Amino acid sequence: MPHSGLITLEQFIVDQQSLYKDAGGSLSRIFRSLELAAKVVNRDVRKAGLVDILGNHGSTNTHGEDQKKLDVIANDVFIAALSKSGEVSVIISEENDDPVFIEGCENEKYIIAIDPLDGSSNIDVNASIGTIFSIYRRSSVTQAPTAEDCMQKGKHQVAAGYIIYGSSTMLVYTTGLGVNGFTLDDSIQEFCLSHPNIQIPQNGKVFSVNEGNYADFPQGIRNYIDYCKVKDKETNRPYGARYIGSLIADFHRNLLKGGIFMYPATEKTPNGKLRLMYECNPMAFIVEQAGGMASTGQGRILDLVCTDLHQRAPIYIGSSNMVELCVNMLNESAVTAN
Ligand code: AHM
Ligand code: MG
């Protein structure tokens, strides 16, 4: 771990608090709850193979997918912790069809969107999984919150981050003042600053996409994938292909090393697979804060209008030069086709 002295997440947030628009401590309390929930889920993920918390829970989520037991546990833990913070009026979760309105917190100003355990198909095979969170402020707190209050553009996020339960556990977040990463030191159970001011390289050597779907991708994306594989000394090609199938793990690697992650639209899935509120928007906020780019192929992810809390969006995200070229190739080919 690079040395930055011993700065815990809690200390870091306190030190930064005066820089936030809301210096009243609400955001810090929310972060404390997220941190606590992350430690609990980390403990459960680490012992998943030892106790009976692997496998399907027997229920399905809002997208008709099987819920894994750990998905359900993580959802319960994050919702309980955030509810107790006393600062959050409503939580949108991948695992709940409807927004969860927090009793007694109708006048609180924060909205949270979470994917409590992303990449859950990887649980049973011991690959990295994670939690994604995104925080918004309500425009007014004079009335009880509604689902419409939550349908904000990603550019209005006040904070976003993720926790990766990988070979070590890390929490990476932004409040719009750059991106910082904290590694959980198991021995003292504290997240310590390990990756200050993360900057994504403008060019990378990795492309991440589920290439099994190649035949269904738009022509421009097929062209870009072909381009990634061509030998060219000057541009360091061919690029390496890396795809874990766990957004956080793929994103985290590319954030640190450079690269592009793609989940394109296809004819069958015109909006791709990933969800705007708790997958695309938070990652887009983080990558932009780290100097990278995130696009739907038509425009900035953070400008996309939300019309459904569980809506999906195509996504091209990562090193700015790579995303720019990929989106250009997508659009050039669309123009030629018309
Ligand atoms: P999940 O939220 O049900 O885990 O699904 C999202 C995951 C992402 O983590 C990952 O990038 C993507 O699904 C992988 O999808 P595919 O298996 O179609 O490549
Ligand atoms: Mg997910």
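Here is a short tour of the model, starting with how to read it.

This is a predicted model, in which local features need pLDDT of at least 70 and side-chain atom pairs count only at pLDDT 80 or more, while totals for chains, interfaces and linings use all residues. Residues are numbered from 1 along each chain as its sequence is written, chains are lettered from A and ligands numbered from 1 in the order in which they are written, and side-chain values use heavy atoms, with hydrogens and water left out.

**The magnesium site**

Which protein residues are donors of the magnesium ion (ligand 2)? They are Glu94 (OE), Asp115 (OD), Asp118 (OD) and Glu279 (OE), at 1.9 to 2.6 Å from the ion. Donors here are N, O and S atoms within 2.8 Å of the metal (3.2 Å for Na, K and Ca); water is not among the atoms, so sites may look incomplete. Along the chain, the donors follow the spacing E-x20-D-x2-D-x160-E. Asp118 in strand β5 (residues 110-118) and Glu279 in helix α7 (residues 276-289) link distant parts of the chain, 161 residues apart. Helices (H or I, at least four residues) and strands (E, at least two) are DSSP runs, numbered from the N terminus.

Both Asp118 and Glu279 are buried. Buried means under 20% relative accessible area, exposed over 50%, and partly exposed in between (1.4 Å probe, protein chains only). Glu279 counts as buried because its relative accessibility is 1%. Arg275 is also buried, with a relative accessible area of 2%. Arg275 forms salt bridges with Glu279 and with Glu94.

**Salt bridges**

Side chains of opposite charge can pair when their charged atoms come close. A salt bridge is counted when a side-chain nitrogen of Lys or Arg lies within 4 Å of a carboxyl oxygen of Asp or Glu. The whole structure has 14 salt bridges by this rule, including those in the table.

| Pair | N to O distance |
|---|---|
| Glu10 and Arg32 | 3.2 Å |
| Asp232 and Arg237 | 3.2 Å |
| Glu279 and Arg275 | 3.6 Å |
| Arg275 and Glu94 | 3.7 Å |

The salt bridge of Glu10 and Arg32 links helix α1 (residues 9-16) to helix α2 (residues 26-46), with the two residues 22 apart in the chain. Glu10 is partly exposed at 34% relative accessibility, and Arg32 is partly exposed at 39%. In the pair of Asp232 and Arg237, Asp232 is partly exposed at 25%, whereas Arg237 is buried at 13%.

The protein chain is divided into domain 1 (9-195) and domain 2 (206-337), with bounds that come from an automatic or database domain assignment. Their C-alpha centres lie 24 Å apart. The contact (heavy atoms within 4.5 Å) takes 48 residues from domain 1 and 32 residues from domain 2. About 2,900 Å² is buried between the domains, 65% of it on carbon and sulfur atoms. That buried area is the accessible area (1.4 Å probe) that two parts lose on being put together, summed over both.

Across this interface the rules find 2 salt bridges and 12 residue pairs in polar contact (both at pLDDT 80 or more). On the side of domain 1 that touches domain 2, β6 (129-137) gives the most, with 7 residues. A polar contact is a pair of N or O atoms within 3.5 Å; within protein, one must be able to donate a hydrogen and the other to accept it, and residues adjacent in sequence count only if both atoms are side-chain atoms.

**A closer look at Ser93**

Ser93 lies in strand β3 and is buried, with a relative accessible area of 0%. Its side chain makes a polar contact of 2.7 Å with that of Asn75, and a polar atom of the Ser93 side chain lies 3.0 Å from the backbone nitrogen of Glu95. Leaving aside neighbours within four places in sequence, Ser93 is in contact with Asn75, Ile114, Pro116, Tyr278 and His310.

Most residues other than glycine have a negative phi, and most peptide bonds are trans. The peptide bond from Arg237 to Pro238 is cis, with omega near 5 degrees, and Pro238 sits in the loop between α5 (219-229) and β12 (240-241). Gln189 has a positive phi of about 50 degrees and is partly exposed at 33% relative accessibility. Asn197 has a positive phi near 45 degrees and is partly exposed at 48%.
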